[in-house]
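Have the sequence and the 3D view to hand.

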Amino acid sequence: MLSAGEPLRSVERLNWSQGRGPKGKDKMSVVVAANLVSLRLQTQLKKTTAALGTVYERLGSGLRINSGADDPAGLALADKLRSQSKIFAVAIRNANDGLSFTTSADSGLAEITSLLQRMSELASQGANSLYSLTQRSALQTEFAALGSEINRIAEVSQFNGLGTLKNSSNQVIQVGLSSDASSRIEIRSVSASLGELGIGSGNTLTYSLTGTSIDAAMSASRLAITALAAAVDEVALQRGTIGAASERLRAAVNTLSVMRENALAAESQVRDADIAEDVAKLTRLQVLSKSQVALMAQANQEPALALKLLGSN
């Protein structure tokens with residue numbers, strides 16, 4: 001340090017004239033036209049304020065990506081995953097509708113099986129020679145009534161206006177993302193009307209347990225037994241067809257549920273904000289913002305030194 005009134009040496013005078021203090025250390029010039037320190041602090045404060053705005057937006061929405069500017073590639077991926085998850089949700093509903101269709105058909109077939117079994121019991125009774133013609137007429141009354149009921153069940157078994165056991169057609173269930181065959185499940189049509197089961201013609205039961213004589217009635221009953229056994233086998237085969245489609249649809253629902261869950265989880269990883277990380281950023285940026293504002297206030301006071309220098313002269 002120079003003592004009061006001690007003249008500066010030539011080297012020190014040169015350093016001061018070049019904007020450098022003693023021993024070559026930088027010194028800050030006192031200027032009025034441009035406060036460079038304040039300008040730099042303003043730039044940093046703008047950046048900090050913008051970063052704070054981004055953090056506030058993320059914490060307010062819970063999302064890391066709120067616009068395409070945040071992460072263009074991430075936004076495209078997240079939107080694709082969201083679209084897939086929504087399609088999976090619709091596919092699950094489609095499969096469940098298919099299950100409702102198969103359940104309706106299977107319930108009707110189960111009841112028809114019970115009726116056919118009862119008709120087989122009556123036919124077996126009718127094949128017994130111990131019953132009189134009068135008693136056989138009682139068997140025939142119940143036998144015909146059960147046949148009419150089978151036809152009625154086939155008529156009324158419907159789902160959303162579609163016949164499930166009569167005048168039915170193959171149903172196609174969309175259970176995937178694309179339009180190709182791997183995204184579809186087909187439910188084959190089944191039919192359980194009297195004609196389809198081979199025990200009637202149209203709505204009319206063609207078999208009987210009566211006849212002009214006991215021998216004729218027994219013969220008719222034996223024919224009915226054979227036809228009814230074939231009808232029971234046919235219904236069992238159709239129930240197997242419906243059951244296979246039903247199990248496939250259940251498996252599809254389980255698979256689609258997992259795929260939808262995975263798509264939602266993947267979207268969350270890409271789109272959602274990390275709250276803990278953003279809270280830490282918020283704290284840091286708030287402290288930084290306050291310090292920058294305080295420093296800017298100090299920097300804005302630097303030009304006042306020039307007034308003191310002018311006043312000293």
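## Helices H2 and H6

Helix H2 (residues 36–61) and helix H6 (residues 275–299) have axes that come within 9 Å and cross at roughly 155°. Angles over 145 degrees count as roughly antiparallel, so H2 is roughly antiparallel to H6. Please keep in mind that this is a predicted model.

The crossing of H2 and H6 is left-handed. Sorted by class, the contact of H2 with H6 has 17 nonpolar, seven polar and three charged residues.

## Helices H4 and H5

Next, turn to helix H4 (residues 133–156) and helix H5 (residues 214–271), which pack at an angle of about 25° with their axes 11 Å apart. That angle makes H4 roughly parallel to H5. The crossing of H4 and H5 is left-handed.

On the H4 side, the contact is made by Leu133, Arg136 and Phe143, while H5 brings Ile214, Ala217, Met218, Ala224 and Leu228. By class, seven residues in the contact of H4 with H5 are nonpolar, none is polar and one is charged.

## The largest nonpolar core

The largest nonpolar core has 44 residues, of which Ile112, Leu116, Leu165, Leu197 and Ile199 touch the most other members. At least two residues of this core come from each of helix H3 (72–126), H4, strand S4 (184–187) and H5. H3 supplies the largest share, 14 residues.

Leaving aside residues up to four places away in sequence, Leucine 165 touches residues including Ala105, Gly108, Leu109, Ile112, Ile153 and Ala154. Also among its contacts are Ser157, Val190, Ser191, Ala192 and Ser193.

Conventions
Residues numbered from 1 in each chain as written. Predicted model: local features only at pLDDT ≥ 70, side-chain atom pairs only at ≥ 80, totals over all residues. Heavy atoms only, no water. Axes fitted to C-alpha atoms, helices over the stretch in contact; angles between N-to-C directions. Helix = DSSP H or I, 4+ residues; strand = E, 2+ residues; numbered from the N terminus. Parallel < 35°, antiparallel > 145°, perpendicular 65-115°, else oblique. Left-handed = near helix turned anticlockwise from the far one by under 90°. Contact = heavy atoms within 4.5 Å. Nonpolar A, V, L, I, M, F, W, Y, C, P; charged D, E, K, R; others polar. Core = buried A, V, L, I, M, F, W, Y, C linked by side-chain atoms within 4.5 Å. Buried < 20%, exposed > 50% of the residue type's maximum accessible area, 1.4 Å probe, protein only.
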